[in-house]
Structures are given as C-alpha cells and as structure tokens.
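Student: I would like to learn how to read salt bridges and helix packing from a model. Can we take them one at a time?

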Amino acid sequence: MSQTSSLRLTGVERHYVQGESKLTILDRADMEIRAGEIVALVAPSGAGKSTLLHIAGLLEKPDAGDVFINDTSCGGLDDAGRTDMRRSSIGFVYQFHHLLPEFSALENVMLPQMIRGLSRKVAGERAKLLLEYMRLGKRVSHRPSELSGGEQQRVAIARAVANNPYVLLADEPTGNLDPTTSQYVFEAMTALVRQSGVAALIATHNHDLARRMDRAVTLEGGKIVDHVL
C-alpha cells in the first residue's frame, strides 16, 4: 500500500449554534488516509458522520483546521477552487444512487468527465471501461429505470471514480440494498478502489462490511479515533 497521504484532516472543528448554546460536532479532529486504503467510518446516528464526510469532500467549510487533498491545502480555496477540487480529485457515492434518469448508464459516467473538459469520445471510452470493470458491459445503454438497485449503485460507483479522484467518500453505499446485493456491490467497489489506488472513507452501519476494510474509525467527543469492531 502506498504511503502517500491522499486525504488528511488537521485540527478540524465544526460547531453549530442552537439558540444560546453551541453544539460541537468536530473538535480538533485529525485523520489521514493513504492512497489505496479503505477506511470504515462507524458511528451512531447523530455523531457527525455526515458532517465529517461533507467537510472531507469540501462541501462544507470547517470552523477551524484544514483539509488536504493529495497534500494540497484546501483551507484557502474560494468557492470556485473548492468546486474545481471536488470535480477533479474527489468522488462521492451515496446511499441512493442519484443517477440522472434521462441518461443511459454510459452517459451518466461520461458526464462528470465532460464537465471537467474531456471530449465525448475520451469520456465515452473511459466510461465503457469502468462499466465493463463493474460487470455492466452489457447494460451501458440502459437507463437507471431499466437497471436493478445493485446495478444502479455500481454505475454510481463508476461515475464517482470517472475522473481518477484521489479520494472516494461513500455514505452508506450499500444501505439501500438487500444483503446479497450489498455484498456484491461492496466487493465491486473495493476491487475498484484497490485497482485505482484511491483513498476511500466509507460510512456504514454494517459491521460485517466494516471488518473487511483496512481499518475503522469512529467519532467520540468530536474526535476521530480508531475503532475496534
């Protein structure tokens, strides 16, 4: 496994004001994930998992601290810079696939590449390769409504890595699937992570899946700490 740090959080703080009180979600939180490493984020509802993923994915700014993507500080980026970093360096997978219903599987994977500036031909070639890797080579022309739940989520995973990101963030990516399909999608996702060398942080309530990752972390008192399953 590479020793390169693809995602690093240093001294991250996030607070919310409720009336006259301040609710601390993250308190000088630190975390580092190396290229090719898969880390499970396991914590009870309300502990701050979504906040952590949003900050790591540059969707939300911390009140203090910094986020480094491939050793590049993101703390000083303006909105345009954060958007560009998300498009080029971060992939997202959610519990619900959020595929665009009017486009085919192939087109859904092509779109983020074309938004980044790649030609339709180049984007199409990479999209086809990714979908074939996810065992969807015969389903590339199908729209989301013509795909099973597991197939839709595999398209979403292919879309998330289409731009060769340094970081993959997943929020309960198998939470909406039956156990058998969940296992299949998880195996496909981890194989793709290993092959691409992306650093993955995967929030999950499924301890069986979490045990199959390289390590697990949780949130305690606003800190990110190692978690033994």
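Tutor: Start with a definition: helices are DSSP runs of H or I with at least four residues, numbered from the N terminus. Note also that this is a predicted model.

Student: Which residues in helix H7 lie about one turn of the helix apart?

Tutor: Asp208 and Arg211, which are three residues apart in H7 (residues 207-211). Their side chains form a salt bridge, with an N to O distance of 3.0 Å.

Student: What is the general idea behind such a pair?

Tutor: Side chains of opposite charge can pair when their charged atoms come close. This structure holds 12 salt bridges.

Student: Where does the salt bridge between Glu125 and Lys121 sit, and what is its N to O distance?

Tutor: The N to O distance is 2.7 Å. Both residues are in helix H4, and because they are four residues apart, about one helical turn separates them. Lys121 counts as exposed, at 60% relative accessibility. Glu125, at 41%, counts as partly exposed.

Student: Which parts of the chain does the salt bridge between Arg14 and Asp63 link?

Tutor: Distant ones: Arg14 is in strand S1 (residues 5-18), while Asp63 is in the loop between helix H1 (49-56) and strand S4 (64-69), 49 residues apart. The N to O distance of this salt bridge is 3.2 Å.

Student: Is Arg14 buried or exposed?

Tutor: Buried means under 20% relative accessible area. Arg14 has 15%, so Arg14 is buried. Asp63 has 43% relative accessibility and therefore counts as partly exposed.

Student: Which residues do salt bridges with shared partners join into one network?

Tutor: Arg14, Glu60 and Asp63.

Student: Now the helices. How is packing between two of them described?

Tutor: Two packed helices are described by the angle between their axes and the distance between the axes. Here, take H3 (residues 105-116) and H4 (residues 120-133): their axes come within 8 Å and cross at roughly 130 degrees. That angle makes H3 oblique to H4. The crossing in which H3 passes H4 is right-handed.

Student: Which residues of H3 meet H4?

Tutor: On the H3 side they are Ala105, Leu106, Glu107, Val109, Met110, Gln113 and Met114. Their partners in H4 include Val122, Ala123, Ala127, Leu130 and Leu131. Sorted by class, the contact of H3 with H4 has 10 nonpolar, two polar and four charged residues.

Methods: Residues numbered from 1 in each chain as written. Predicted model: local features only at pLDDT ≥ 70, side-chain atom pairs only at ≥ 80, totals over all residues. Heavy atoms only, no water. Axes fitted to C-alpha atoms, helices over the stretch in contact; angles between N-to-C directions. Helix = DSSP H or I, 4+ residues; strand = E, 2+ residues; numbered from the N terminus. Parallel < 35°, antiparallel > 145°, perpendicular 65-115°, else oblique. Left-handed = near helix turned anticlockwise from the far one by under 90°. Contact = heavy atoms within 4.5 Å. Nonpolar A, V, L, I, M, F, W, Y, C, P; charged D, E, K, R; others polar. Salt bridge = Lys/Arg side-chain N within 4 Å of Asp/Glu carboxyl O. Buried < 20%, exposed > 50% of the residue type's maximum accessible area, 1.4 Å probe, protein only.
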